[in-house]
Every structure is written in C-alpha cells, then in structure tokens.
Amino acid sequence: MSILRILSCLVALAILAPSLARAEKPLGGAFFDSFDSFNKKRWYISDGWTNGDHQSCTWARRALKLEKSKLVMFFLPEAGPDKTNLCAEIQTRARYSYGTYEVRLNTPKNSGLNASFFTYIGPVHGMPHDEIDIEILTKDPSKVSLNRYLSGKPMGGGEFPLPKPTTEGLQTLAFRWEPGAITWYADGKEILKVTSGVPSAAQKIYLSFWSTQTLSEWMGRYKKPPGPLRYTIDWVGYTPLGETCQFPESMLCKEP
C-alpha cells in the first residue's frame with residue numbers, strides 16, 4: 001500500500017472516530033454476581049489514577065479483595081507512594097439500558113468518604129455525561145444520597161433516610177430505570193421517584209469507594225481513619241426492563 005493511500009486511510013479514520021465512539025454498543029443482559037470469584041470478562045478494575053482534584057485517593061487494584069463470596073473495597077489511608085491514600089473502583093465492560101439495578105451492601109462510618117453504586121457514560125466514552133446515583137456518604141450511613149445527571153447537568157435528588165444505617169448489616173439498595181422515570185428503593189420499599197431529567201443513553205455500572213478533602217460541604221470534612229476501611233458488596237444484579245424475576249434475591253421476585 002502506498003504512503004499516500006495509508007495517509008488517506010488515516011485521515012478517513014480520524015474523521016470517522018467521533019461517530020464510531022458514539023456508535024451504539026451491544027447491550028449487556030441480565031446478570032447476578034455473588035462474587036464467588038472475580039469475573040474479569042464482566043468487570044474492569046480502575047488502577048493507577050484519580051478522577052480529578054476532588055478525589056483525595058488513587059484507584060488501586062490492591063484495594064480490592066474477595067472474602068467469603070463478597071467483594072470488599074478498601075480505603076487504605078496513606079498506603080501508597082508518598083503516603084497517598086488508596087481506594088477502589090470497578091466498572092462493567094458492557095453498557096446497560098433500562099431495567100432494575102440492585103446491590104446488597106454494608107459500609108463503614110467515616111466523614112469524607114463515599115461508597116457508591118451508580119451508572120455512568122460520558123466524554124471518556126465519546127458520549128455526553130449521563131449518570132444515575134446511589135451514594136452512601138459515610139459521614140452519616142443512616143441516609144442515602146440519590147441523584148441523576150443529564151448531559152452533564154445534575155437534575156436534583158437529595159439525601160433520604162434508610163430503614164437502617166448501612167453500618168448495621170447488609171442492606172439492598174436498587175433503582176428501576178425506565179423511559180421517563182427512575183424509582184429508587186431500599187430493601188424493596190420506594191424512597192424516591194422522578195419523572196423528569198431522565199437519561200436515555202445506555203451506561204456502564206460502577207462501584208466505588210473514595211475520599212475527598214475538597215467536597216466537605218457535601219461529604220463531610222475528611223477524617224483520617226486509624227486503619228483500613230471496608231465497603232462490602234454481597235452481590236450485584238441487573239434485570240432488563242420487561243423481564244421478570246431472574247435471581248431469587250431480586251426485589252422483582254417479591255413483587256405481586
């Protein structure tokens with residue numbers, strides 16, 4: 001192939017790149033992950049970077065561990081190079097659309113940290129920033145912070161009381177995402193429903209545990225813990241909209 005031909009192909013690829021990045025990806029189907037093992041085909045581990053100056057820790061593979069069929073995400077204070085904090089995040093390789101998203105979890109209590117379960121798609125994927133959030137601000141584990149973003153703009157939510165603090169054993173949190181509506185649940189009971197500002201683009205599923213020293217008004221003033229903190233995930237599940245009970249633990253199996 002001539003140099004001219006190669007250059008013309010490269011130019012064509014450069015022109016096509018943005019549209020290819022935005023092209024629809026195959027959607028992930030129903031799954032239930034009890035973390036008996038770590039499914040590398042399903043999950044990608046964030047490692048070696050932060051998401052910005054608001055984050056006062058570095059994602060680290062070593063901050064993840066499987067224990068007794070549970071995924072434990074650690075916050076490791078001053079455990080990295082130059083006494084940096086280490087924290088944990090995983091994300092699905094596939095994107096998921098409308099349906100029911102569920103997680104069974106337990107968190108510690110410590111001001112300045114966030115234990116989250118959310119969906120996200122954004123500029124890093126060649127898409128506008130859309131997001132649906134379940135976040136435990138561990139300054140007060142008796143509440144859950146709920147929100148959603150549409151094209152990078154927060155659409156509003158708030159903090160809502162939970163049936164029990166997430167420090168007191170395992171608790172199931174969930175949201176049902178459908179065209180024009182999102183409904184959040186705690187142990188199967190509705191805690192919030194919104195019918196505006198609802199994303200439509202398929203998103204990846206994330207679990208993360210991280211700290212801040214700048215978002216103190218929201219997450220509380222960071223307090224260095226005396227040792228590692230543990231965010232424990234018993235299981236995660238997803239059921240596409242229109243499908244019924246896919247695994248016994250799902251709230252869909254308990255609905256009439």
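Is Lys70 buried, partly exposed or exposed, and what is its relative accessible area? Lys70 is partly exposed, with a relative accessible area of 25%, where buried means under 20% relative accessible area, exposed means over 50%, and partly exposed lies in between (1.4 Å probe, protein chains only). The legends below place this residue and several others in their surroundings.

This is a predicted model, in which local features need pLDDT of at least 70 and side-chain atom pairs count only at pLDDT 80 or more, while totals for chains, interfaces and linings use all residues. Residues are numbered from 1 along each chain as its sequence is written, and side-chain values use heavy atoms, with hydrogens and water left out.

**Figure 1. The whole protein has 2 helices and 17 strands.** Helices (H or I, at least four residues) and strands (E, at least two) are DSSP runs, and they are numbered from the N terminus. The radius of gyration, taken over C-alpha atoms, is 19 Å, which agrees with the value near 18 Å that a compact globule of 256 residues would have; the globule rule is 2.2 Å times the number of residues to the power 0.38. Along the principal axes, the C-alpha atoms fill a box of roughly 65 × 55 × 35 Å. Of the 256 residues, 48% count as buried, and the accessible surface comes to about 12,500 Å², of which 55% belongs to carbon and sulfur atoms. These areas come from the Shrake-Rupley method with a 1.4 Å probe, and for residues only the protein chains shown count as cover. Among the contacts with a separation of 6 or more, 65% are made by residues 24 or more positions apart, a contact meaning heavy atoms within 4.5 Å.

Figure 2. A salt bridge is a side-chain nitrogen of Lys or Arg within 4 Å of a carboxyl oxygen of Asp or Glu, and the structure holds 6 of them. In the pair of Lys65 and Glu67, the closest N and O atoms are 3.7 Å apart; Lys65 is partly exposed, with a relative accessible area of 45%, and Glu67 is also partly exposed, at 23%. The side chains of Glu67 and Arg230 meet in a further salt bridge, at 2.6 Å from N to O. This second pair links distant parts of the chain, since Glu67 is in the loop between β4 (64–66) and β5 (71–75) and Arg230 is in strand β17 (residues 229–240), 163 residues apart. Arg230 is partly exposed, with a relative accessible area of 36%.

**Figure 3. Asp234 and Lys70 form a salt bridge, with their closest N and O atoms 4.0 Å apart.** Asp234 lies in strand β17 and Lys70 in the loop between β4 and β5, so the pair ties together parts that are 164 residues apart in sequence. Asp234 counts as buried, at 16% relative accessibility, whereas Lys70 is partly exposed, at 25%.

**Figure 4. Lys68 is placed in the loop between β4 and β5.** Lys68 is exposed, with a relative accessible area of 80%. From Lys68 to Gly99 there are 31 residues in sequence and 29 Å in space, C-alpha to C-alpha.

**Figure 5. Gly158 lies in strand β12 (residues 158–161).** Leaving aside its neighbours within four places in sequence, Gly158 is in contact with Val144, Ser145 and Leu146. Gly158 is partly exposed, with a relative accessible area of 29%, and its C-alpha atom is 28 Å from that of Leu86, a residue 72 positions away in sequence.

**Figure 6. Glu78 has a positive phi, near 50°, in a residue other than glycine.** Most residues other than glycine have a negative phi. Glu78 is found in the loop between β5 and β6 (86–92), and at 36% relative accessibility Glu78 counts as partly exposed.

**Figure 7. Asp187 has a positive phi of about 50°, although it is not a glycine.** Asp187 sits in the loop between β14 (181–186) and β15 (189–194). With a relative accessible area of 38%, Asp187 is partly exposed.
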